[in-house]
Amino acid sequence: MTLQEFLAELELFASEANRCFQAAGDLTALEAARIEFLGARSGRLKQLQKSLGQLPSVDRPQAGQRFHQVRREVESAFQAAQERLADRQKTVRSAEVFDPTIPGVRPVVGHLHPITQTIDQLKEIMGRLGFSLADGPEVEDEWHNFEALNIPPDHPARDPLDNFYLAAASRLAGGAGPSMLLRSQTSTVQIRVMERQKPPVRIIAVGRVYRPDTPDQTHSPMFHQIEGLLVDRRVTMADLKSVLRMLGMSYFHGEVHIRFRPSFFPFTEPSVEIDMNWQGRWIEMGGAGMVDPNVLRAVGYDPEEVSGFAFGLGIERLCMRQHGIDDIREFYRNDVRFLRQF
Ligand code: FA5
């Protein structure tokens, strides 16, 4: 190869390389062009370098000088093309991020737990019947959970095996003083309200209660109750039955019948178990009765002046009946496939 031929080859190489680098539409095409022209093993520049070595030694300085010039030019043309394509890719990507026509990722919206929904409905229904909401602590003393409810110290309901007594909380409350426990019923709130307030009283209390019951389809060691208490002049069991029937009919949105079965609670006399019939099936919902005169006296009311009724219903039972749920444990397994249905 003569010097003239070599220089012509070099110019051809430079113009073709520049054209290819500029024409490359993306980084993959550019990389293919780089391998063809500047590839370290068999690129065209490498071939030219070999030809340079074969030129007569007299021509080599001039050829070499031009060779290095062309190499620098082509390499910087490659770099320029690379930057241009990288920039373009960045712009495309950022345009994607801000493209308002692409459908968004819909956030998963949850909803209230079925028990919370039931509680809200019960509060709303009882509110319409004129009952206001009262509250009490879940960690209780024995006075409010038992004593004031006419449950004496030797009563089996106070057995340590039937209650969650709290040693640490009892110590905080005064060492040898009253034992503390997780309340086993919402009837505790009856006492707290009557201690604070003169009759008439018309309240509900809603919340968690705790009993060391073995979990099964209908029992959970933690569950919810709704307590109702009405104390006034000349309150009768007919009032109790009417209120329970209205509660049942509003909650189930249909005809509900109430059946009282004789029972015993130390804090009501007479006492009954409440069954509700909705859509032809009887279900036991809770206990109720006329407030025992001993309870009225314990809070400073005069049983000759006022009378009252009280009831306590299992909220899980109501919710299960409404939705046809047959296992109470489902409420607390936190399986969204179950919870999502309500
Ligand atoms: C009571 O708790 C009384 N305090 C009710 C009462 C209030 C009577 C006011 C008189 C006046 P009982 O232990 O039967 O009663 O419980 C009431 C309801 O709570 C039951 O009918 C049932 O629906 C529900 N219940 C009881 N134990 C459990 C449990 N382990 N899991 C789920 N629900 C339960």
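A charge counts as over a ring if NZ of Lys or CZ of Arg is within 6 Å of the ring centre and within 35 degrees of the ring normal. I noted Lys 241 over the face of Phe 260 too, at 5.2 Å from the ring centre.

The model is predicted: local features need pLDDT of at least 70, side-chain atom pairs count only at pLDDT 80 or more, and totals for chains, interfaces and linings use all residues. Residues are numbered from 1 along each chain as its sequence is written, and side-chain values use heavy atoms, with hydrogens and water left out.

Aromatic pairs. I searched the whole structure and got 10 aromatic pairs. Rings of Phe, Tyr and Trp (its six-membered ring) pair if their centres lie within 6.5 Å; planes under 30 degrees apart are stacked, over 60 edge-to-face, and the rest tilted. Phe 252 and Trp 278 make a stacked pair, 4.6 Å centre to centre with 25° between the planes. This pair links distant parts of the chain, 26 residues apart: Phe 252 is in helix α9 (residues 237–252) and Trp 278 in strand β8 (residues 268–278). Helices (H or I, at least four residues) and strands (E, at least two) are DSSP runs, numbered from the N terminus.

I checked accessibility next. Phe 252 counts as buried because its relative accessibility is 4%, and Trp 278 is buried at 11%. Buried means under 20% relative accessible area, exposed over 50%, and partly exposed in between (1.4 Å probe, protein chains only). I also logged one aromatic cluster, formed by Phe 13, Phe 21, Phe 37 and Phe 78.

The sheet. I traced an open sheet of seven strands with mixed pairing, in the order β1-β5-β6-β10-β9-β8-β7. Two strands pair if DSSP finds at least two bridges between them. β1 (132–134) and β7 (256–265) are at the edges with a single partner strand each, so one side of each has no neighbour in the sheet. The twist averages 25° from one strand to the next. β1 pairs with β5 (residues 201–210) in the parallel sense over three bridges, and Leu 133 has Ile 204 of β5 as its bridge partner.

I then looked at helix α8 (residues 188–196), which packs on the sheet and touches β1, β5, β6 (222–232) and β10 (307–314). Contact means heavy atoms within 4.5 Å. The direction of α8 makes about 40° with that of β6; axes are lines fitted to C-alpha atoms, for helices over the stretch in contact, and angles run from 0 to 180 degrees between N-to-C directions.
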